[in-house]
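User: I have a chain to go through for class. Can you walk me through it?

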Amino acid sequence: MSATTNGDAKYGSRPTAILHRTPWRPPVASSAEGIYVTLEDGKKLIDAVGGAAVSCIGNGHPKVRQAIKDQVDKMSYVYNMQLSNDIAEELAHYLVASSNGAFGAVGFVSGGSEAMEGVIKTARQYFYETGQHQRTNFIARKLSFHGNTVGTLSLAYHPARRAPYLSLLNEQSFHHVSPAYAVRFKGKEESEEQYIERLRKELEDKFLELGPDTVVGFVAETVVGATTGVVAAPKGYFKAMKSVCDKYGALFILDEVMCGMGRMGTLHAWESFGDGVAPDIQAVAKGLGGGYVSIGAVLMSQRIADGVRDNAGFWKHGHTYQAHPIACAGALAVQKVIEEENLLANINEKGAYLGELLRARLAGPNARAAPYVFDIRGAAAWWGVEWEFDVPAAAAKGYAGKTFAMDVQARALENGLIIMGFTGGANIEGTKGNHNMLSPAYNITKEEVEKIVDVFVTSIEEVLAANGL
Ligand SMILES: Cc1ncc(COP(=O)(O)O)c(C=O)c1O
């Protein structure tokens, strides 16, 4: 089979010259409106996961379309090493003004991995400029994902995504401590306070092992995304981790590429799921541009901005498409739609309903899936369902469920619903576990929530039935 004709006949035989990133040939989309996507063969799908927690207001919002068109007519591009541009300046002011004083400056990039690369370099530049050259170590967490570049794969610890590149990764500067994942890793006899104290101590021990004045910062996803599936830390955890950073003069850094910009029901996830502890530096992307444009941002506190500005005077980090006018126009329009249409209030309400339906239909008394549901968790526009097949009901049928979440994703797609399935989040080695993820647009309706849950549950039950469960 030639490189241009490989594929799955089910989704059409049109040759592809794209080197796809899925083991299967993905169907081809032709148009989209709101949360509905139409394929080239005319089939209509509901997108219940916003691509990958990206499309936070759906496709085709008239205000965003207009803003992008207007910007194309006005000015498509200037290079940020020569000229700033008015729409980027406006978006930066908007992000600073909406942070309740947490952030004093913004650097723009083109996506999440670039934002996290920017975070690493900004944190290092801060100490470089302020005379602490010895600070070269980052401490992140196991079972995390911070991007797919070599630098961010080194920083994070997603076993499957690192595997082919291990020999390229930097183990000298990037170190890892345990995840904050209570349902899996808190001891049975351990209270939540004791669990947090164990994690706090582990971080402090890592500081001491590396030399506390060599640590640049501690880095975490406020709510963990793809790796373990919408896992928030226990209350008090982030306060405890920040206290270690403060004690040794290191930075507290959050990755909100997936969980931020409203996904958890507050603009920044740390406002609701991070003990209200503002980070020194934070990455955002996905929901910033809402899928209309490719954009990410590094948000930094006034202290970090001053440390850089008062010494070097400028950010020693950049890309050709940084602060791209069209991207900034699209992102600003998306953010204004969220604010003007009161979409966080909407998604807090609809998200609570979504969670309620998931619990009733998957874990309720008559639910077929109930014996295999390990956890249903989330808030607002982000929900995860974690499965467990190491249970008597599955053993009785000889079913280990290794690819269950992926099978549900595939079945849901056949049934007209886009969701995500992941494996490998239930142990540190990344060899066990299944979870599915839903992350709908913030302007979803009650009827759409019900439809999504219907098709999701049907797909789950069909996969269970196909395996004799
Ligand atoms: C927490 C987190 N950080 C970084 C990234 C990388 O973002 P991108 O895929 O836009 O490069 C992702 C992507 O899923 C993510 O979830």
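User: How many helices and strands are in the chain?
Analyst: The chain has 17 helices and 17 strands. Helices (H or I, at least four residues) and strands (E, at least two) are DSSP runs, numbered from the N terminus. This is a predicted model, where local features need pLDDT of at least 70, side-chain atom pairs count only at pLDDT 80 or more, and totals for chains, interfaces and linings use all residues. Residues are numbered from 1 along each chain as its sequence is written.

User: What does the C-alpha trace span along its principal axes?
Analyst: About 65 × 60 × 50 Å.

User: Switching topic. At what angle do helix 8 and helix 9 pack?
Analyst: Helix 8 (residues 192-210) and helix 9 (residues 237-247) pack at about 20°, with axes 9 Å apart. Axes are lines fitted to C-alpha atoms, for helices over the stretch in contact, and angles run from 0 to 180 degrees between N-to-C directions.

User: Which residues make the contact?
Analyst: From helix 8, I196, L199, R200, L203, E204 and F207; from helix 9, Y237, A240, M241 and V244. Two residues are in contact if their C-beta atoms, placed from the backbone, lie within 7 Å.

User: And the sheet, what order do the 4 strands have?
Analyst: The order is 1-2-3-15, in an open sheet with mixed pairing. Two strands pair if DSSP finds at least two bridges between them.

User: Which are the edge strands?
Analyst: Strand 1 (29-33) and strand 15 (417-418), each pairing on one side only.

User: How do strand 1 and strand 2 pair?
Analyst: Strand 1 and strand 2 (residues 36-39) are antiparallel over 4 bridges. A32 stands opposite V37 in strand 2.
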